[in-house]
Amino acid sequence: MNTTAIPKFPGRSPEPFSKVLTKNLLVLLLGVSITCINASFIHVFSKHQIFYLNPRYILFIHLVLNDMIQVLLSVILFAMSYNLYKISFSICCIIVLFILFATENTPLNVACMAIECYIAICLPLRHSGICTIKKTLTLIGLIWVTSMSVALPDLFVTLATQPLDFFHSTMICHKVNIFPKPVLVKKRDIIHTLFLVIVWFTIFYAYFRILFTARAASKDSKKARNTIILHGLQVLLCMTKYVGPQLLDVVQQWFLVNYKDSIFAFYFIVHVLPRSISPIIYGIRDETFRKYLRRNMLCKCSFTKINC
């Protein structure tokens, strides 16, 4: 993942104040909007037993929490990098690690949701026995362990190989800058390729099993197939981070004049867009969640009117 927000680049002319202000306000507005929407989903989830006792909604709310963590930290990192240019190693390292954890969690979580959908449609009689609350929480724990096992070795290698002055320095907050060893880049490429293969295999397997199993074309099977397709769309957007360096190289070669604007667009495509579609895919499309969300909004509006 490219965790650089959009720093000021040496050797390039500074941007006008109006453009800097517009970009910062836009990022802040989108970050706050996505966070508020996700917070409303978490509120509805926590208030109704029908959701927090259902493995499907537990996986969904875990995805929402990951999105909130990633968006909040990404916006903070954007603002700090864009306006301060260089950040101390310790602050940068903490922010980047948690962004990495949340970002690696997302495709794994989506793959697990696809499997749950497959079990619900293709193995309905075994669904309640396979997809229990305890197993779902254990699965979420394994997702976090997997994500940490990908990112933490980079930190340990850096701690063991870099001189003490490196950890007291300031730098452009980029994953490559805080974990500079070339072998770590190769390791990440291998792991990302493995993730790519596993997650996409899971998505395709779930989709085609549902497609071939549900030939009766019931309403539930159609909805499940559409959901799996949207799973694939979100994973595709999330996977753009795996080719981030290559995309940045293309941007640098072809958009030299408007380099910062191109990087800014890249930031939205890779970091913001995948986090903004989760509520649409899993919340608003779900009839049960939509009903309770609408009821919650109506209650708030009524409460506001009464107070007024």
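**View 1. Asp154 forms a salt bridge with Lys187, their closest N and O atoms lying 2.5 Å apart.** A salt bridge is here a side-chain nitrogen of Lys or Arg within 4 Å of a carboxyl oxygen of Asp or Glu. The pair links distant parts of the chain, since Asp154 belongs to helix H6 and Lys187 to helix H8, 33 residues apart; helices are DSSP runs (H or I, at least four residues) numbered from the N terminus. Asp154 also forms a salt bridge with Arg188, with 2.9 Å between the closest N and O atoms. Shared partners join Asp154, Lys187 and Arg188 into one network. Asp154 is buried because its relative accessible area is 2%, whereas Lys187, at 21%, counts as partly exposed. Buried means under 20% relative accessible area, exposed over 50%, and partly exposed in between (1.4 Å probe, protein chains only).

The model is predicted: local features need pLDDT of at least 70, side-chain atom pairs count only at pLDDT 80 or more, and totals for chains, interfaces and linings use all residues. Residues are numbered from 1 along each chain as its sequence is written, and side-chain values use heavy atoms, with hydrogens and water left out.

**View 2. Glu116 forms a salt bridge with Arg56, the closest N and O atoms being 2.8 Å apart.** This pair links distant parts of the chain, with Glu116 in helix H4 and Arg56 in helix H3, 60 residues apart. Glu116 counts as buried because its relative accessibility is 5%, while Arg56, at 34%, is partly exposed.

**View 3. Eight named residues, Leu100, Glu104, Val150, Ala151, Asp154, Lys175, Arg188 and His192, line the largest cavity.** On a 1 Å grid over the protein atoms alone, a cavity is a set of points where a 1.4 Å probe fits but cannot get out, and lining residues have an atom within 4 Å of a point. The largest cavity holds about 50 Å³ of space. Helix H6 supplies the largest share of its lining, three residues.

**View 4. Phe45, Phe51, Phe60, Ile203, Ile228 and Phe289 touch the most other members of the largest nonpolar core, which has 37 residues.** A nonpolar core is a set of buried Ala, Val, Leu, Ile, Met, Phe, Trp, Tyr and Cys residues joined through side-chain atoms within 4.5 Å. Helix H4 gives the most to this core, with 10 residues. Phe60 is placed in helix H3 and is buried, with a relative accessible area of 2%.

Key:
Helix = DSSP H or I, 4+ residues; strand = E, 2+ residues; numbered from the N terminus. 1 Å grid on protein atoms, 1.4 Å probe; cavity = no way out; pocket = protein on both sides within 12 Å on 5 of 7 lines; lining within 4 Å. Points joined across faces, edges and corners; volume = space filled by probe spheres on them.
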